[in-house]
Structure formats: structure tokens, C-alpha cells
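Hi,

Here is the structure I promised to pass on.

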Amino acid sequence: DQYVRPADFVRAMQLLAERAGVRLGGVIANENGAGGTINGWLQAAALGLPVVDAPCNGRAHPTGLMGAMGLHLVDGYTSHQVGVGGDPATGRHIEICATGSIRRTAQMIRAASIEAGGTVAVARDPVPLAYVREHAAPGAIRQAIALGKAMQAARPQGGRAVAEAAAGVLGGQVTDEGTIESVRLEVAGGYDVGKVQVLGKRGRYEMTFWNEYMTLEADGERVATFPDLIATLGHEHGGPLATAEVQAGTRVAILVVPRQRLILGAGMRDPELFREVEHAIGREVVRYV
């Protein structure tokens, strides 16, 4: 029952400015990936603000703290977070303003998203430009645009060419191609959790996910671990298939990009945040990162 209107994104920004008592000077995306890359563009246009190419993280991530640019490590930091969404016609519309620690306010926003039907528009944590410059991922939006242009240019040559183009731009590799044998997905605490099994040309692969792909194993051996980028690309068109979209029988290419080749924010440099990943997927993560 997800329901978020464009006006809800703008409303969240307005409420954030009021709640935090600040004049907003620009907008940054929280993460770089799928619709997250352009999150903020609509709000910026509506409010006459510039979009700053410095997302909190240069790749997608599951938890609020991972996209908090290390603010949870700043002694005494007070977080302001706003969530707006839900269908008024069904009585699920919610506007919530939460103030407190980053962890607790993020949990409140996620709980509100569940009550609203599955998602809310979020605006949070106004910070000085100097902090963004040091702790965010400057240039990650430009990287995404370059990636998209390369993938589009390769599209007439087929899905494999698109996957290879993506690997070339990001400095990764196409690990293998194959057919999805099975998908297990459940929703727990507002997250998509599960695993995907792929029969490839060179072996059998298993990918666990917690909203985003977290681990990739080939015949039981670990190949990649979040925050490495692990992606499934459609065989026919080469476009990315999100974890919630993959289905058994689909032919895919598996793309892996080492974390060292990505533009990552400070949230990816705190090993403690990866213990939550271990708990969610039941696999070792911390010792790999």
C-alpha cells in the first residue's frame, strides 16, 4: 500500500527547515542508486535550491546510519528527521517529525513508513557544507550520469555489452552470466530480506540481500561483500534488476565492483554498522570489510 505524492517530498523539506530552525542552502541525495540518485531534484526545483553533487553515500545502503555521514559518531549530535507519506483516502497519511539520536530517530521514521503503507518521503539532518565536503561522497552523481550514458550507448549491442560497459566505467567485472534458479524474499521490519540463487556458466552462485545485495558466493566461496557493489543486470536489456524485482527463470549477468572503486561516504567506514548486516542475513560480514 505504498503511497507517496511529489508534494510529500516537498512538504518533508519544509517541515525539516521549520523543525531544525535553519535556512536550507542546498539539497543532497542520501544515496546513489536507482531512484535514490535523483532524490532531492524535485524538492530543489520546487523550493528554488541547488542540488549539490555530494550524496551521503556513493552507493545504496539499507540502514539510516549508513547514510548519516558519520554523524552518529559526533558527541552530542541531535538529529532532525521528517517523514511524510501514506494515502489520505485510506487514513494512512502520516507527517512525523522526530528529534533525538540518529539511531532512534531513524527507527521512528522506519516505523512510520510501515504505518503509512510501506514508504514515506524523508528529509533529515541539515549539516554545514564543510561537513558534507569531508564526510559525504562528492562526485558520485557525476559518476552515475557517466555510467548511465555508457550503458545507454551500449544498449543496441545487447545486454552483455551493457554489463561490460558498466564494468568498464566503474572498474569492476562481469563475474558470470546465468539463470536465476530461486528467490527467497520476506519483509522484516520494513526491509526486504532474502537470497537469490543463480546457475551460471562457471558455477552456482548465491547472493544474500538486505534491501541491497550484501554477499556473493560462488560454489560456497565468498566473492564479494557489501559495500562492494553486487548487481544483477537483465540478460536481454542489460538494465539493473533490483532485489525486489528478480524472479526465478530470469537470465542475468552478475556485476561486481570492489568498494575501493566506489565513491563512498563516512557511513561505510564504521565497522560497527556492518554487525547489523550480519544479524539480518546470518552471514559473516565484518571480517571481510
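A quick word on terms before the details: I call a residue buried when its relative accessible area is under 20%, exposed when it is over 50%, and partly exposed in between, using a 1.4 Å probe and protein chains only. Bear in mind that this is a predicted model, so I kept local features to pLDDT of at least 70 and side-chain atom pairs to pLDDT 80 or more, while totals for chains, interfaces and linings use all residues. Residues are numbered from 1 along each chain as its sequence is written, and side-chain values use heavy atoms, with hydrogens and water left out.

Let me start with the aromatics. Rings of Phe, Tyr and Trp (its six-membered ring) pair if their centres lie within 6.5 Å; planes under 30 degrees apart are stacked, over 60 edge-to-face, and the rest tilted. By that rule there are three aromatic pairs. One of them is Tyr-191 with Trp-210, a tilted pair at 4.7 Å centre to centre and 35° between the planes. Tyr-191 sits in strand S5 (residues 191-200) and Trp-210 in strand S6 (residues 204-210), so the pair ties together parts that are 19 residues apart in sequence. Both Tyr-191 and Trp-210 are buried. Phe-209 and Tyr-213 have ring centres 6.3 Å apart and planes at 90°, so that pair is edge-to-face. Phe-209 and Tyr-213 are both buried as well.

The names H and S are DSSP runs numbered from the N terminus: helices are H or I with at least four residues, strands are E with at least two. Helix H1 (residues 6-20) has 15 residues and spans 22 Å from first C-alpha to last, close to the expected 21 Å (that is 1.5 Å times one less than its number of residues). Its buried residues are Asp-8, Val-10, Ala-12, Met-13, Leu-15, Leu-16 and Ala-17. What covers them includes helix H2 (41-47) and strands S1 (79-85), S2 (94-100) and S3 (121-124). Just after H1, Gly-21 has a positive phi of about 65°.

- Met-69 has a positive phi of about 55° although it is not a glycine. Met-69 lies in the loop between H2 and S1 and is buried, with a relative accessible area of 2%.
- Asn-211, also not a glycine, has a positive phi near 65°. Asn-211 is in the loop between S6 and strand S7 (212-218), and at 22% relative accessibility it counts as partly exposed.
- The peptide bond from Phe-226 to Pro-227 is cis, with omega near 15°. Pro-227 is in the loop between strand S8 (221-225) and strand S9 (229-234).

Then there is Arg-92, in the loop between S1 and S2. Arg-92 counts as partly exposed, at 28% relative accessibility. Leaving aside neighbours within four places in sequence, Arg-92 is in contact (heavy atoms within 4.5 Å) with Asp-1, Gly-85, Gly-86, Asp-87, Ile-114, Glu-115, Ala-116 and Gly-117. The C-alpha atoms of Arg-92 and Glu-186, 94 residues apart along the chain, are separated by 23 Å.

Happy to talk any of this through.

Cheers
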